[in-house]
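Please look through the sequence and the structure shown here before reading on.

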Amino acid sequence: MDLGITGRRALVCGASRGLGFACAAALAREGVDVTLVSRRHEALSDAAARLHRETGMSAHIVDADIATEAGREHALAACPAPDILITNAGGPPGMDFRTLRLEDWSAALSANFLSAVELIRLTVDDMAQRSFGRIINITSLTVRLPVQQLDLSNATRLALTGYVAGVARQVAPHNVTINNILPGTIATERIRELGATAEKLVAQVPMGRAGKPEEFGAVCAFLCSAHAAYMTGQNVLVDGGLCSFTV
Ligand SMILES: NC(=O)c1ccc[n+]([C@@H]2O[C@H](COP(=O)([O-])OP(=O)(O)OC[C@H]3O[C@@H](n4cnc5c(N)ncnc54)[C@H](OP(=O)(O)O)[C@@H]3O)[C@@H](O)[C@H]2O)c1
C-alpha cells in the first residue's frame, strides 16, 4: 500500500536506536525525508549509515538534547517545517518511589513531557497552515498499565496523554492529527536495561514474545500516512496483547 507521504519531511526524536530509529526507517521506506535527532553524534552517524543500508534513503542528522530548550531549537533549525513529528526520548530510570527527589521528577518531566509539549507547540500551527500534519508521541504501556518502580514513567506519560487529548481536538479541523503509540515490550536497549522488570512483563505477553522494533515502526508509518487522516487523539497499544481490560 502506498502510504501517500512520499516527499514529506519528518523530524524523528530519539532516533539513533530503538523505537525512534524503527519509526525513522519505516518512514524512509515510504520516501519520507527524515531528520534523526539524538544526543550522541557518533551513534547518529551509525544510525544514518544503517538507515541508508536498510532503506536506500539518506537521512539528515542533528545531535541535540530535546529535553532542553536549546536542543529543541537546534533540532528545529535542522528541520524547520516538519510535516511529521515523532516525539521520543529515553525512558526514566526504574526507582523505588520513596527514593525519588525533585530533581528526578524534573528530569523525567523535561524529557518525557515538556519536550513533546514544546515541540508540538512549535510545529503544529505551521502544519495546520499547510493543511497536513502528523504528530506521534512515543509514550508507554504505563499509560494503561502502571508498572511498579516505573513511577516516573507512569506519571509523566499520563500527563502527556492528557495534554494530547485536548490539543489533538483543537487542531483536528486542519488535517493535523496527534496520536500516541504505547509500546509494551519491544526488544530494544531500553528493554534490556530494565532487566528483571521487563523480563517479568515479556513473560506475560499473550503472543509469548517481545515485539520487534520494525513492527512498531510499521504502526507509526501507518499513523503518519494519508490513510490515517480520520484517527486523532488516540492511544494505540503495540504490546502483543499484554494490556487487558478483562480478568
Ligand atoms: N522498548 C519498549 O518496549 C518500551 C516500552 C515502554 C516504553 N518505552 C519508551 O519508549 C521510548 C523509546 O524506547 P526505546 O526502547 O527505543 O529506548 P532506547 O533504546 O533507550 O533509545 C532511546 C533513544 O533516544 C535517544 N535519546 C534519549 N534521550 C534523549 C534526549 N534527551 N534527546 C534526544 N535523544 C534522546 C537515545 O540516543 P542518545 O542516547 O544518543 O541521545 C536513543 O536513540 C522511551 O521513552 C521508553 O521508555 C519503550
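Which helices and strands each supply at least two residues of the shell around the ligand? In this predicted model, helix 1 (18–29), strand 2 (33–38) and helix 6 (189–194) each do so.

**The ligand and its surroundings**

- The ligand is surrounded by 31 residues, and the closest of them are Gly14, Gly18, Gly90, Gly91 and Arg190.
- Sorted by class, the shell around the ligand holds 14 nonpolar, 11 polar and six charged residues.

**Helix 1 against helix 8**

- Helix 1 also packs with helix 8, at an angle of about 55 degrees and with the two axes 8 Å apart, and that angle makes helix 1 oblique to helix 8.
- The two helices, helix 1 and helix 8, meet in a right-handed crossing.
- On the side of helix 1 the contact involves Gly18, Leu19, Ala22, Cys23, Ala25, Ala26 and Leu27, while helix 8 brings Pro213, Glu214, Phe216, Gly217, Ala218, Cys220 and Ala221.
- This contact of helix 1 with helix 8 is made up of 11 nonpolar residues, two polar residues and one charged residue.

**Helix 8 and its buried residues**

- Within helix 8 (residues 213–223), the buried residues are Pro213, Phe216, Gly217, Val219, Cys220, Ala221 and Leu223.
- These buried residues of helix 8 pack against helix 1, strand 4 (84–87), strand 5, strand 6 and strand 7 (235–238).
- Cysteine 220 is part of helix 8, and it counts as buried because it has 29 C-beta neighbours inside 10 Å.
- When residues up to four places away in sequence are not counted, cysteine 220 touches Cys23, Ala26, Ile86, Ile136 and Ile181.
- Although cysteine 220 and asparagine 137 are 83 residues apart in sequence, their C-alpha atoms are 9.6 Å apart in space.

**Helix 4 against helix 5**

- Helix 4 (residues 102–129) and helix 5 (residues 151–171) pack with their axes 9 Å apart and at an angle of about 15 degrees.
- Since angles under 35 degrees count as roughly parallel, helix 4 and helix 5 are therefore described as roughly parallel to each other.
- The crossing in which helix 4 passes helix 5 is right-handed.
- Helix 4 contributes Asp104, Trp105, Ala108, Leu109, Asn112, Phe113, Ala116, Val117, Ile120, Val124 and Ala128 to the contact, and helix 5 contributes Leu152, Thr156, Arg157, Ala159, Leu160, Tyr163, Val167 and Val171.
- By class, the contact of helix 4 with helix 5 consists of 15 nonpolar, two polar and two charged residues.

**Leucine 152 in helix 5**

- Leucine 152 belongs to helix 5, and because 23 C-beta neighbours lie inside 10 Å, leucine 152 counts as buried.
- Apart from its neighbours within four places in sequence, leucine 152 is in contact with Pro92, Leu100, Asp104, Trp105 and Ala108.
- Alanine 108, one of these contacts, is 44 residues from leucine 152 in sequence and 6.4 Å from it in space, C-alpha to C-alpha.

**Leucine 51 in helix 2**

- Leucine 51 lies in helix 2 (residues 41–55), where it counts as buried because it has 23 C-beta neighbours inside 10 Å.
- With residues up to four places away in sequence left out, leucine 51 touches Ala24, Ala25, Ala28, Met57 and Ala59.
- Between leucine 51 and alanine 22, which are 29 residues apart along the chain, the C-alpha atoms are separated by 9.2 Å.

**Loop residues with positive phi**

- Glutamine 149 lies in the loop between strand 5 (133–138) and helix 5, and its phi is near 75 degrees, a positive value in a residue other than glycine.
- With 15 other C-beta atoms within 10 Å, glutamine 149 is partly exposed.
- Asparagine 175 lies in the loop between helix 5 and strand 6 (176–183), and its phi, near 60 degrees, is likewise a positive value in a residue other than glycine.
- Asparagine 175 is partly exposed, having 16 other C-beta atoms within 10 Å.

Note on methods. Residues are numbered from 1 along each chain as its sequence is written. This is a predicted model: local features need pLDDT of at least 70, side-chain atom pairs count only at pLDDT 80 or more; totals for chains, interfaces and linings use all residues. Axes are lines fitted to C-alpha atoms, for helices over the stretch in contact, and angles run from 0 to 180 degrees between N-to-C directions. Helices (H or I, at least four residues) and strands (E, at least two) are DSSP runs, numbered from the N terminus. Angles under 35 degrees count as roughly parallel, over 145 as roughly antiparallel, 65 to 115 as roughly perpendicular and the rest as oblique. A crossing is left-handed if the near helix is turned anticlockwise from the far one by less than a right angle, and right-handed if clockwise. Two residues are in contact if their C-beta atoms, placed from the backbone, lie within 7 Å. Ala, Val, Leu, Ile, Met, Phe, Trp, Tyr, Cys and Pro count as nonpolar, Asp, Glu, Lys and Arg as charged, and the others, Gly among them, as polar. A residue is near a molecule or strand if its C-beta atom, placed from the backbone, lies within 6 Å of it. A residue is buried if 20 or more other C-beta atoms lie within 10 Å of its own, exposed if 12 or fewer, and partly exposed in between; C-beta atoms are placed from the backbone.
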